[in-house]
Amino acid sequence: MPARCLDGNAIAAEIRAEVARDAASLLDNGCPVKLAAVLVGSDEASRLYAESQRKLCGSVGFAYELVELPADVSQDDLHATIDRLNADASITGIILQLPLPAPLDTALAQWRIDPYKDVEGVNPANIGLLFYGEPLIQPCTALAVLEMVRRSGAVLRGARAVVVGQSTIVGRPVTMALLARMATVTGCHIATRDLAEHTRQAEILVVAVGKPRLVGAELVRPGAVVIDVGINRVVQRDAGGREVKRTVGDVDFDSVSAVAGTITPVPGGVGPVTVAMLLRNTIEAARKQRQRR
Ligand code: NAD
């Protein structure tokens with residue numbers, strides 16, 4: 001039987017509807033939600049992205065402010081901008097658009113964001129709280145993976161989970177979040193010997209590598225929940241022999257969906273849920289700031 005495919009677009013739409021209700025209720029209670037995005041050295045693609053963020057925020061009742069800085073801004077001036085947003089009580093969430101132009105230090109700038117306003121969950125303080133199992137605001141992609149696992153119906157407690165890819169921003173936070181829910185987790189990476197030996201044991205398999213179709217059916221345990229985080233642009237030839245660009249995941253969807261129990265597609269899987277989690281985090285941040293006052 002083919003795997004059940006989780007529809008990330010539909011799940012994201014449900015979350016956005018919840019977020020819009022929550023934002024309205026916060027507004028009624030005198031706490032408007034406002035997201036500020038810091039963009040350094042804006043090019044056309046970044047501007048378009050910021051424009052789509054503005055629309056997205058508007059659609060759920062958040063105010064939005066884009067703070068643009070020149071590409072040659074100093075690290076100190078970037079920090080001063082973040083400090084200003086931290087101190088501004090009308091701003092409830094801050095995101096720093098990446099990548100930053102060289103020689104700016106991304107980690108230092110992320111450190112600077114108030115952990116209570118860090119709606120992407122990228123401040124090392126927020127990543128560290130995950131380690132203690134007491135998260136304040138969690139990284140959006142890890143939350144999206146957990147949401148997909150929850151919707152699969154899988155029970156995490158005691159389950160064998162394997163996370164392929166151990167980056168600080170995706171793979172490791174996912175690993176920590178699964179551990180915090182009492183799964184038995186194996187973290188695989190570029191130096192893992194015999195990847196298949198590990199992945200074939202996985203009842204829950206999360207792949208976050210950035211290599212198109214790295215995981216085929218031969219790496220998947222029958223009935224597994226397979227969550228594909230990868231986003232890869234590839235060039236393929238269509239039936240007429242023309243080159244076309246497509247977005248694919250790290251999982252070979254066609255072969256794996258014949259083996260897995262549940263699978264997420266790319267596009268239309270973890271990606272839109274991650275964006276929805278940014279909105280949910282912005283609500284969480286606004287609530288926690290009120291409690292802190
Ligand atoms: P990264 O390059 O920082 O990390 C890649 C990880 O994969 C590393 O831990 C590396 O050791 C491991 N790896 C590389 N080759 C491997 C192999 N052959 N076998 C096993 N492990 C291997 O990447 P990242 O930032 O974590 O992103 C991973 C993917 O997830 C990318 O495709 C990215 O576009 C995507 N992504 C998606 C979302 C989303 O919302 N869906 C969010 C962030 C990133």
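Helices α6 and α10 each supply at least two residues to the lining of the second largest pocket. Helices here are DSSP runs of H or I with at least four residues, strands are runs of E with at least two, and both are numbered from the N terminus. A pocket is an open set of points on a 1 Å grid over the protein atoms alone, where a 1.4 Å probe fits, with protein on both sides within 12 Å along at least five of seven lines; lining residues have an atom within 4 Å of a point.

Before going on, the basis. This is a predicted model, in which local features need pLDDT of at least 70 and side-chain atom pairs count only at pLDDT 80 or more, while totals for chains, interfaces and linings use all residues. Residues are numbered from 1 along each chain as its sequence is written, and side-chain values use heavy atoms, with hydrogens and water left out.

Back to the second largest pocket. Its volume is about 250 Å³, a volume being the space filled by probe spheres set on the grid points, which are joined across faces, edges and corners. It is lined by 15 residues, and Gln138, Leu143, Leu146, Arg181 and Arg280 are the closest to its centre. Helix α10 gives the most to this lining, with 5 residues. By class, the lining of the second largest pocket has 7 nonpolar, 2 polar and 6 charged residues. For those classes, Ala, Val, Leu, Ile, Met, Phe, Trp, Tyr, Cys and Pro count as nonpolar, Asp, Glu, Lys and Arg as charged, and the others, Gly among them, as polar.

Now the largest pocket. Its volume is about 1,000 Å³. Of its 37 lining residues, Tyr49, Glu120, Thr141, Ile169 and Thr274 lie nearest the centre. Two or more lining residues come from each of β2 (34-40), α2 (44-60), β4 (93-96), α6 (140-152) and α10 (270-292). Which element gives the most to the lining of the largest pocket? That is α2, with 6 residues. The lining of the largest pocket has 22 nonpolar, 12 polar and 3 charged residues.

Next, the sheet. Six strands form an open sheet in the order β1-β11-β8-β7-β5-β6, with parallel pairing. Its edge strands are β1 (4-5) and β6, each pairing on one side only. Two strands pair if DSSP finds at least two bridges between them. Strands β5 (160-164) and β6 (184-188) pair in the parallel sense over 5 bridges, with Ala161 opposite Val185 in β6. Together with helix α7 (171-180), β5 and β6 make a right-handed β-α-β unit; right-handed means that, with the strands pointing away from the viewer, the path from the first strand over the helix to the second runs clockwise. Strands β8 (225-228) and β11 (262-263) pair in the parallel sense over 2 bridges, and Val226 has Ile263 in β11 as its bridge partner.

Last, two residues. Val164 is found in β5. Is Val164 buried or exposed? It counts as buried, at 4% relative accessibility; the cut-offs are under 20% for buried, over 50% for exposed and partly exposed in between, with a 1.4 Å probe and protein chains only. Beyond four places in sequence, Val164 touches several residues, including Cys188, Leu195 and Val207, contact meaning heavy atoms within 4.5 Å.

Arg112 is found in helix α4 (106-112). Arg112 is partly exposed, with a relative accessible area of 37%. Leaving aside neighbours within four places in sequence, Arg112 is in contact with His79, Ile82, Asp83 and Asn86.
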